[in-house]
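Open your viewer and switch to the cartoon view.

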Amino acid sequence: MEKFKKYATIGLFLLLIFGLLILHIALPDQGLSYSERRKLEAFPKATLLSIKDGSFFDDLESYLLDHFPLRETFRGIKADLHFDLFRQLDKSGLYQADGHLMELDPVLDEKQLALAINKINAVISAHPEAASYYFSIIPDKNYFLASKNGYPAMDYEKLISSAKNGVPAAYIDILPLLSLSDYYNTDSHWKQENILPVAEKLLAEMGNLPHERSYTTHELKGYFGVYAGQAAVSVPADTLRYLTDEVTENALVTSLEQDSPLSVYSEADFKNVDPYDVYLSGAEALLTIENPLAENKKHLILFRDSFGSSIAPLLMGEYSRITVVDLRYIRSDLLSEYLDFTGADVLFLYSTGILNNGAILK
């Protein structure tokens with residue numbers, strides 16, 4: 001009986017080892033990890049130099065880890081053990097609290113904030129022909145979540161005060177209109193259906209008298225945000241919702257980077273690596289949204305990060321044209337080649353995460 005147990009254990013061990021090896025060889029390599037939103041390592045090319053200096057074996061190890069059979073299953077088991085069994089408070093900088101997943105960002109980087117302020121000010125200085133300049137800050141979820149649950153949090157008051165005082169534009173305070181429930185549980189972004197009061201406040205502060213718009217809500221279930229994949233924990237899916245009306249349905253969206261017109265919303269993009277691309281097709285250097293139903297010829301230039309993709313459609317009713325600019329993908333000194341600031345309202349709408357990483361703005 002003892003020998004049987006011994007041989008059975010050895011047999012199971014060999015079966016596991018060789019079974020995983022066979023699976024590794026048989027299963028096709030995946031180019032992307034949709035859960036982690038990143039490219040997976042490709043099989044490294046062996047050269048005499050890479051073998052000699054050891055870099056081939058380092059790259060091979062990374063490749064094998066990225067394409068390990070049942071990798072996602074093992075990632076999930078490890079994450080559940082990390083949080084549920086060992087009761088650790090965070091995993092690689094990610095934590096769970098109040099039903100939300102979030103990434104720790106506890107340090108205010110004043111140098112990075114200064115870079116962001118300088119970049120905004122450079123745009124303002126270069127374009128005095130604009131009608132008015134406005135500035136508003138979107139808090140990330142840590143503003144509502146971190147310190148309340150005993151996690152370290154950056155000095156948001158200092159960040160907001162420094163940015164507000166450093167940018168010569170009319171500041172629009174939207175913080176009182178937001179709470180944790182306005183953000184997705186598994187993602188960093190806010191929910192479009194919850195930010196109508198924010199849009200109304202921005203429009204009013206920019207001198208508009210918002211017309212009432214009658215929206216239809218569309219639901220896309222099974223939305224797992226960026227933190228669900230990174231943390232690899234078992235969490236309920238969010239539901240992504242987007243709002244349409246006659247303004248969004250008649251709008252014409254053009255991109256600097258794409259030849260074909262875009263849509264305000266694209267359900268097909270829900271299957272992208274980042275499903276939030278449903279809003280304005282995600283990351284784009286420069287978009288123009290034309291509203292043929294507008295009762296005026298007003299032009300809004302919206303400098304934004306990814307949060308701006310979902311609020312721009314809610315601002316469309318009061319402008320005949322909105323130009324959406326993402327300085328992460330286009331240099332500010334090239335803007336004059338592609339858009340006219342004359343008489344435009346200009347709104348800088350940035351999340352605290354972008355302001356705290358100002359070098360990302362070009």
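Select Ala122. This residue is partly exposed, since its relative accessible area is 38%. Keep in mind that you are looking at a predicted model.

Now colour the element around this residue. Ala122 sits in helix α5. Ala122 and Ser332 are 210 residues apart along the chain, yet 8.1 Å separates their C-alpha atoms.

Next stop: the sheet. In what order do its 7 strands run? The order is β6-β5-β13-β11-β12-β10-β9, the pairing is mixed, and the sheet is open. Look at the edges, where β6 and β9 (252–255) stand. Each has a single partner strand, so one side of each has no neighbour in the sheet.

Return to helix α5, residues 110–126, which packs on this sheet. The helix touches β5 (132–138), β11 (299–304) and β13 (345–351). Compare directions: helix α5 and β13 make an angle of about 175 degrees.

Zoom in on β10 (residues 286–290) and β12 (residues 321–325). These two strands run antiparallel and are joined by 5 bridges. Pick Leu286, and you will find Val325 of β12 opposite.

Last stop: Lys191. Find this residue in the loop between β6 (170–171) and α8 (196–205). Is Lys191 buried or exposed? Lys191 is buried, but has no salt bridge. Glu193 is the nearest side chain of opposite charge, at 5.3 Å. Now show Ser181. Its backbone oxygen lies 3.4 Å from a polar atom of the Lys191 side chain. Beyond its neighbours within four places in sequence, Lys191 is in contact with Ser181, Asp182, Tyr183 and Tyr184.

Conventions. Residues numbered from 1 in each chain as written. Predicted model: local features only at pLDDT ≥ 70, side-chain atom pairs only at ≥ 80, totals over all residues. Heavy atoms only, no water. Helix = DSSP H or I, 4+ residues; strand = E, 2+ residues; numbered from the N terminus. Buried < 20%, exposed > 50% of the residue type's maximum accessible area, 1.4 Å probe, protein only. Lys, Arg positive; Asp, Glu negative; His and termini not counted. Salt bridge = Lys/Arg side-chain N within 4 Å of Asp/Glu carboxyl O. Polar contact = N/O pair within 3.5 Å; in protein donor to acceptor, adjacent residues only side chain to side chain. Contact = heavy atoms within 4.5 Å. Pairing = 2+ DSSP bridges. Axes fitted to C-alpha atoms, helices over the stretch in contact; angles between N-to-C directions.
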